[in-house]
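Subject: A structure for you to explore

Hi there,

Here is the structure I promised to pass on. Have a look at it first, and then read my notes below.

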Amino acid sequence: MISFRLNEIPKGISQEHMTVSAEELDIDLSEIRTINLALRFHKRDEHLRIECEITAEAEFVCDRSLDTFSTELKSTYEVVFQTDAQDEREDLSGAFRRLDPAQNVVDITRELRDSLLLSVPAKKLHPRYYRDGEVTDFKVRFGEEDKEHDPRWDKLKKLKQNIPKN
């Protein structure tokens, strides 16, 4: 759980850097190793804005080759706590939450966890399959290539050449 006491956050702009575990963010993915948080607090009397920058080291298994590879996940998120907020809302870049000064605690665990999990790629490809930011073709070779010529394929090749191309 990542929470802060409201009275311990100084007014104005302040920063905090911390390293947390996946368990502290309630993340069950064993692939995520270390999580580094860079938090920037903007505190005023009526609101608190927290800018979060999350970086994490992760080790995945490639969906194409089944090789393991390490990568860095990055995400940013902003949470604004306001005393006069009528409703709580959120989108991909930030959230507005109600600030209750009587509770004296702000918890950003859910926001950090969701932001980090959204940065996990749906398709996990080894970096060798990327060239200039584009996914390269995948070539499969099973065993050694046959050196002998098989004449049975010649007729199929002729048929294939006679098919008109669109």
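In which helix is Leu156 found? Leu156 is in helix H2, which covers residues 152–162. Helices here are DSSP runs of H or I with at least four residues, strands are runs of E with at least two, and both are numbered from the N terminus.

Before going on, please note that this is a predicted model, where local features need pLDDT of at least 70, side-chain atom pairs count only at pLDDT 80 or more, and totals for chains, interfaces and linings use all residues. Residues are numbered from 1 along each chain as its sequence is written, and side-chain values use heavy atoms, with hydrogens and water left out.

**The sheet**

Strands of a sheet pair through backbone hydrogen bonds, either parallel or antiparallel. In this model, six strands make an open sheet with mixed pairing, in the order E2-E3-E4-E5-E7-E6. E2 and E6 (89–90) are at the edges with a single partner strand each, so one side of each has no neighbour in the sheet. Two strands count as paired if DSSP finds at least two bridges between them.

You can walk through part of the sheet like this:

- E2 (residues 12–20) pairs with E3 in the antiparallel sense over nine bridges, and Ser14 has Phe41 in E3 as its bridge partner.
- E3 and E4 (residues 47–61) run antiparallel, joined by ten bridges, and they form a hairpin with three residues between them.
- E4 pairs with E5 (residues 68–82) in the antiparallel sense over 15 bridges, and Phe60 has Phe69 in E5 as its bridge partner.

**Aromatic rings**

How many aromatic pairs does a search of the whole structure find? The search finds two. Rings of Phe, Tyr and Trp (its six-membered ring) pair if their centres lie within 6.5 Å; planes under 30 degrees apart are stacked, over 60 edge-to-face, and the rest tilted.

Phe4 and Phe41 form an edge-to-face pair, 5.1 Å centre to centre with 80° between the planes. This pair links distant parts of the chain, with Phe4 in strand E1 (residues 3–5) and Phe41 in E3 (residues 32–43), 37 residues apart. Phe4 counts as buried because its relative accessibility is 10%, and Phe41 is buried at 3%. Buried means under 20% relative accessible area, exposed means over 50%, and partly exposed is in between (1.4 Å probe, protein chains only).

The rings of Phe60 and Phe69 have their centres 6.2 Å apart and their planes at 55°, so this pair is tilted. Phe60 and Phe69 are buried. Lys124 sits over the face of Phe60, 5.5 Å from the ring centre. For such a contact, NZ of Lys or CZ of Arg must be within 6 Å of the ring centre and within 35 degrees of the ring normal.

**Salt bridges**

The structure holds ten salt bridges (a side-chain nitrogen of Lys or Arg within 4 Å of a carboxyl oxygen of Asp or Glu). One of them joins Arg128 and Asp67 at 2.3 Å, N to O. Arg128 is in the loop between helix H1 (109–118) and strand E9 (130–131), while Asp67 is in the loop between E4 and E5, 61 residues apart. Arg110 and Glu111 form another, with their closest N and O atoms 3.7 Å apart. Salt bridges with shared partners join Glu88, Arg97, Arg110 and Glu111 into one network.

Enjoy exploring!
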